[in-house]
Amino acid sequence: GLCVDRSGDHQFAALLLSPCDQSDGQLWNVSSSSFSAADLVTIQSQMPGSDFGCIGASAPVSAGTPLQLAPDCGSLLTEWQQLPESNGVMHYRLKYSK
């Protein structure tokens with residue numbers, strides 16, 4: 001019952017897990033950049049009235065690296081690879097973290 005939520009309405013805002021309540025900070029759009037088996041996607045904020053950005057990380061990437069709202073949706077640090085669906089749930093892996 002937890003969803004990705006923005007901690008603020010600005011770029012580089014930290015992303016938090018919060019109870020799912022369908023609030024504006026929990027609105028995300030998944031956009032695919034290809035149609036192959038290894039689809040790359042960006043996950044962009046749809047929060048009304050704010051700077052839109054994508055879920056990303058800051059370099060260097062390692063276990064425990066916090067996620068943030070990155071302003072550049074075309075960087076390696078905002079590209080996610082869609083993994084096979086498991087029990088009806090979609091999973092994504094940061095491409096840069098392979």
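Q: What makes the nonpolar surface patch of about 290 Å²?
A: Leu 2, Val 4 and Leu 17 make the patch. A patch takes residues with over 30% relative accessible area and no salt bridge; nonpolar side chains (Val, Leu, Ile, Met, Phe, Trp, Tyr) are joined within 5 Å, like charges within 9 Å. Areas come from the Shrake-Rupley method with a 1.4 Å probe, and for residues only the protein chains shown count as cover. This is a predicted model, where local features need pLDDT of at least 70 and side-chain atom pairs pLDDT 80 or more, while totals for chains, interfaces and linings use all residues. Residues are numbered from 1 along each chain as its sequence is written, and side-chain values use heavy atoms, with hydrogens and water left out.

Q: Why is Leu 17 called exposed?
A: Exposed means over 50% relative accessible area, buried under 20%, and partly exposed in between (1.4 Å probe, protein chains only). Leu 17 has 61% relative accessibility, so it counts as exposed. Leu 17 sits in strand β2, residues 15-19.

Q: Is Leu 15 buried or exposed, and how do you know?
A: The relative accessible area of Leu 15 is 14%, so Leu 15 is buried. Leu 15 also belongs to strand β2.

Q: What is Leu 15 in contact with, beyond its neighbours within four places in sequence?
A: Contact means heavy atoms within 4.5 Å. The partners of Leu 15 are Val 4, Asp 5, Arg 6, Trp 28, Ile 55, Leu 67, Gln 68 and Leu 69. Leu 67 is 52 residues from Leu 15 in sequence, yet 5.8 Å away in space, C-alpha to C-alpha.

Q: What elements does the chain have?
A: The chain has eight strands and zero helices. Both are DSSP runs numbered from the N terminus: helices are H or I with at least four residues, strands are E with at least two.

Q: What makes an opening a pocket, and which residues line the largest pocket?
A: On a 1 Å grid over the protein atoms alone, a pocket is an open set with protein on both sides within 12 Å along at least five of seven lines; in a cavity, a 1.4 Å probe fits but cannot get out. Lining residues have an atom within 4 Å of a point. The lining of the largest pocket includes Leu 2, Val 4, Leu 17, Gln 22 and Trp 28. Strand β1 (residues 2-6) gives the largest share, three residues.

Q: Why does the pair of Lys 95 and Glu 79 form a salt bridge?
A: A salt bridge needs a side-chain nitrogen of Lys or Arg within 4 Å of a carboxyl oxygen of Asp or Glu. The closest N and O atoms of Lys 95 and Glu 79 are 3.5 Å apart. The pair links distant parts of the chain, 16 residues apart: Lys 95 in the segment after β8 (89-94), Glu 79 in the loop between β6 (67-70) and β7 (80-86).

Q: How do you know whether Lys 95 is buried, exposed or partly exposed?
A: Lys 95 has a relative accessible area of 29%, so Lys 95 is partly exposed. Glu 79 has 18%, so Glu 79 counts as buried.

Q: What is the phi of Gln 22, which is not a glycine?
A: Gln 22 has a positive phi of about 60 degrees. At 73% relative accessibility, Gln 22 counts as exposed. Gln 22 lies in the loop between β2 and β3 (28-32).
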